[in-house]
Amino acid sequence: MTSLPPKRPGQKQLGLVIDLDICVGCHACAVNCKEWNNGGGAGPLSDLDPYGARPDGVWFNRIHAFETGEGEDGRTVYFPKSCLHCEDAACVTVCPTGASFKRAEDGIVLVDEALCIGCKLCSWACPYGARELDEKEGVMRKCTLCVDRIYNETLDPADRVPACVSTCPVSARHFGDLGDPQSDVAKLVAERGGVALLPELGYRPVNRYLPPRRRPVAAAASAAAETAAESAGSKLLRWVDQLLSR
Amino acid sequence: MARADRTRRLSKPERAAAEPPGDRVATTTCYMCAGRCGIKVHLKDGRVRYIEGNRDHPVNRGVLCAKGAAGIMQQYSPARLTKPLLRVGERGAGQFREIEWDEALATAARWLGEIRARDPRQLAFFTGRDQSQALTGWWAQQFGTPNYAAHGGFCSVNMAAAGLYSVGGSFWEFGEPDWEHARYFLLFGVAEDHDSNPIKIGLNRLRQRGAKIVSVNPVRTGYSAIADEWVGIRPGTDGLFVFALIHELLRMERVDLGFLVRYTDAPWLVVRNPGGADDGLFARDGAGRVLAWDRRSNRETDAQAAEIAPLLVGEVTLADGRRAVPVFQLLAERYLDPRYAPDAVAPRCGIAAAAIRRIARELAVTAFEQEVVLDQPWTDWAGRRHERMVGRPVSMHAMRGISAHSNGFHACRAIHVLQMLLGAIDTPGSWRYKSPYPRPLTPAMKPAGHAHQVAPGQPMPGPPLGFPLGPEDLLVEADGTPRRIDKAFSWEAPLAAHGLLHQVIRNAWKGDPYPIDTLFLYMANMSWNSAMNPEGTAAMLADRAADGRYKIPRIIYSDAYFSEMVAYADLVLPDTTYLERWDCISLLDRPIGGAEGPADAVRQPVVKPDRDVRPFQDVLLELGARLKLPGLAAADGRPRYRDYADYIQRHERKPGIGPLAGWRGAEGDAVAVGAPNPRQLERYVENGCFWRHHLPPDQLYFKHANRAYLESAAQMGFIDRPRQIVLQLYVEALQKFRLAAQGHGPAQPPARDRARIERHFDPLPIWYVPFEEAAIDGARFPLHAVTQRPMPMYHSWGSQNAWLRQIYDQNHLYVHRRTAAALGLKDEDWVFVVSHHGRVRCRIRLVDGVNPQTVWTWNAIGKRAGAWALSPDAPEARRGFLLNHAISEMLPAGGEAERINADPVTGQAAWYDLRIRLEPAPAEAGPADRMPALVPPPGMRARGGA
């Protein structure tokens, strides 16, 4: 068993805020994540049978599409899912070797592959299905919040965000310290009623999802917009007298 | 307990935070779709490590889609060809011998040289998703063949032609919504297809500002999923829906008469002379100027004069005694007709009449009560200063769901008419031109290829593609026989501005209108996803005449990948990837500029090819030199250009105008027009591989009528003269074809085309039942079937990518729950999609978010077994399917002679017109289609590809 760092008030909790109101399901985040991490410190993200009958591989982030409601109330929702960096991360406490751990300094949950034995206890413990075993490497893989980007001083400061955040074409992904109520991400969550996933399970996930907004009410028709139905002929006559200058 | 708070050794990802991702970064331009985003490629030890968006780039501003990020796997794909190939077995059997480049080029030059000396039309040169059309089209012109086009006839010619004849720009490539000021956005028929990242960036901007997004699309995915309102229209009825909106706006008197009078042909007088040769043409004075009726002086006047008060409604008698009415009256009469009322069109469109009325009201309220006012003075074409720019914040965008129907030209025109009536063209908040557009109306470029323009051993005097303005511009023989192999610019497809790629193989196979010798294709997967009827097309490619010769004697193909087309080539010229070559995204071709100013870009080689492949553009230039084509060979017979990079810098289309507009002139300080600069590419690379010019603030709107803009556009060579570009509600060129069909003039359509031309060449937009629907028994084929482009994939080359195929490796057919229930079908059932043409097997998924009369699937995921270096049992071949198998390139045989499945105005392939029924099918047992597996060529097998 592995312990979590002691909790401190004002503890830094880096995480993602994902806006389901604008996510179009384009998979840009998922593929950019795969690309960054495959060749980086958290990689490889192995592919199995990439050109064969059962192409499969490790992804830190997968996009699920589903429909809710029917008819006029129906909508299609895209739901990107990755590690939520829980405050009470069961994947950490269940780890028999200390490979899974939560960083005291910023709350990121990581796997130290030097210690990982690929026993999969953590993936069983995670209620969100956020961890994937790399069958080729025999170790567990998961989102690192791009720890090798966000603190990487060889990168332009603007690039020191997770790859998924940097690439998202609709800016549906936000990154920051959710432990600080004054942070931009915390304010965004407050303003938009951001939610945690399955809070009732008690793992206290850090990431938040911004729910789809209610659609704007149709623009009120102004009085001028409505005129009584009349024949085309009388309508045309009215335009005869228009005096308009070029 | 391990790992309690302690000083610890860093894990591998933490240690990586101290290292840069690669040892070198190079900028270039993406080619994973047609969007042409700027990218930064991080390299490590000479290999691609990471590709990200270039934050400085005007197209994508730092973001990158799934396709772009998967470019690394495209680079290292096992499906890449390795060496030139010469066919040694039967066509389609995939038996090749590897040859050296010199033999390949000598062979191609011998074949092409023979036919150029005999009859240049014997070469049909068609390029697919080619981004070097400024070169390939010019090459065809120098060769002397009119038989050239790219894939626009399949994709979007209805959009391009409708836009360029109506407003001098078009959706996607030549225009964009004003994302920063629009308050209402109406999106028609757009899945991922065009424009990829800019639309996504823009949708977020609209959402941030609280603008309303309305998506009109039979399918509720992607952009339709996040829209504030999804209008699940029945395919092929968009034109009717737009007419109902127009009807409501006219009925409510909510049209921008001031805009119409100043900026459109609304007051232009149309001759009313039923049966006469001038009926329906604009009334002109002796000097050829179009006339309007000035209400102040109460007489006819130059319609383009500035200070007139033109009549909009009423019939007048001209000085020469003829009767005439303004365009606006014809328009109002037509669309106020009760048959276009919301209640009349609602059942056919599958949209509630109340919703149509509400959307019309919302458009009116947004346009006229929520004006966007910018405190920006500007001067109009007549020299009048305006203190502010006042805009109608209603933006529109449309693409595939409009274009790929046989009534798509008119549907797209209808949308442009709606924009004009709202005064929502190039104003703050509306749709805006991307510089270098707008172009003059009417379009200036005519297609070359008339009998006197084609001769053995000679170039053509003009480009093979253009914009006919009347029957005299058609490329036909005296008896009406088409002169082009694809029959573009013939009576069958008069305004075929992008050619008809989809008809080339069938016509060449039939020898209709004449046999050809060599079919030369580039990046066009014509035996598969770029064909309607792929199985029949493959058979035609391999078919032999009675004498044993192939009916299409020679096929040359260039591609970087082992696509389904490779097996049908006699000679294969392997291309590099987009990361291995120079390219230019040229203002002469399909520019990447935006409303804020023109822009162009280059690709530079960022990795070296590790195999014996060459950039197709280099090969084409060398072939041209070997053929001694004018402009391609120097006087001493040696190549005029060392390679494509050399051509990009030194070629001039007109004095001072070349492929790239930036850093021209010997010193690199000239904009758009200037002498070639030997260091131009260097300057591009220094600037991140793109160039952009920022228009000053007074030129950002009303470009069609903005004097400062028009003058600067003329200086930069975008337009010939700084004249107002008057937007065309009424397209007179169409009426000229109609008059011919009514028997007027020397150029007459053949009898079989006469009624078709008369009906469809209406100068105001019309709507008609799509041809396939009109030809089949609706009870036998009750459903529409369409495809949507999956966001992470672009055509067949995206669906072979190792990462992208982990997202989608098979495609289901999506069926509305109620529709499935009525047919007794359950989720995951196997069915046959059966059309008048054929059938293909697939598996269904039940959904709510689709028009109930429509089924849909993702396009280009299904693959032919063995192609693209995938194993023959890949799910793409066994469980995925290509809907194209159910689509015919011809309309169902009726009483009359066979007809192409295409728009009658432009020849655009009407693959969204498909009608089908569903029949139960046995569960998976072999491939979805009946085509045998392909065998990879020798070099790929040696490298372990499949």
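How far apart do the C-alpha centres of domain 3 of chain B and domain 4 of chain B lie? They lie 35 Å apart.

This is a predicted model, in which local features need pLDDT of at least 70, side-chain atom pairs count only at pLDDT 80 or more, and totals for chains, interfaces and linings use all residues. Residues are numbered from 1 along each chain as its sequence is written, while chains are lettered from A and ligands numbered from 1 in the order in which they are written.

View 1. The complex has an ipTM of 0.96 and a pTM of 0.97 from the predictor. An automatic or database domain assignment sets the domain bounds. Chain B is given domain 1 (12-75), domain 2 (85-159 + 442-574), domain 3 (171-436) and domain 4 (772-942).

**View 2. Domain 3 of chain B against domain 4 of chain B.** Contact means C-beta atoms, placed from the backbone, within 7 Å. Domain 3 of chain B brings 21 residues and domain 4 of chain B brings 24 residues. On the domain 3 side, helix H15 (400-403) and helix H16 (408-421) of chain B each supply at least two residues. Helices are DSSP runs (H or I, at least four residues), as are strands (E, at least two), numbered from the N terminus.

**View 3. Chain A against chain B.** Here 76 residues from chain A meet 92 residues from chain B. Among the elements giving two or more residues to the chain A side are helix H1 (28-38) and strand S5 (75-81) of chain A. H1(A) gives the most to that side, with 7 residues.

Terms used:
Two residues are in contact if their C-beta atoms, placed from the backbone, lie within 7 Å.
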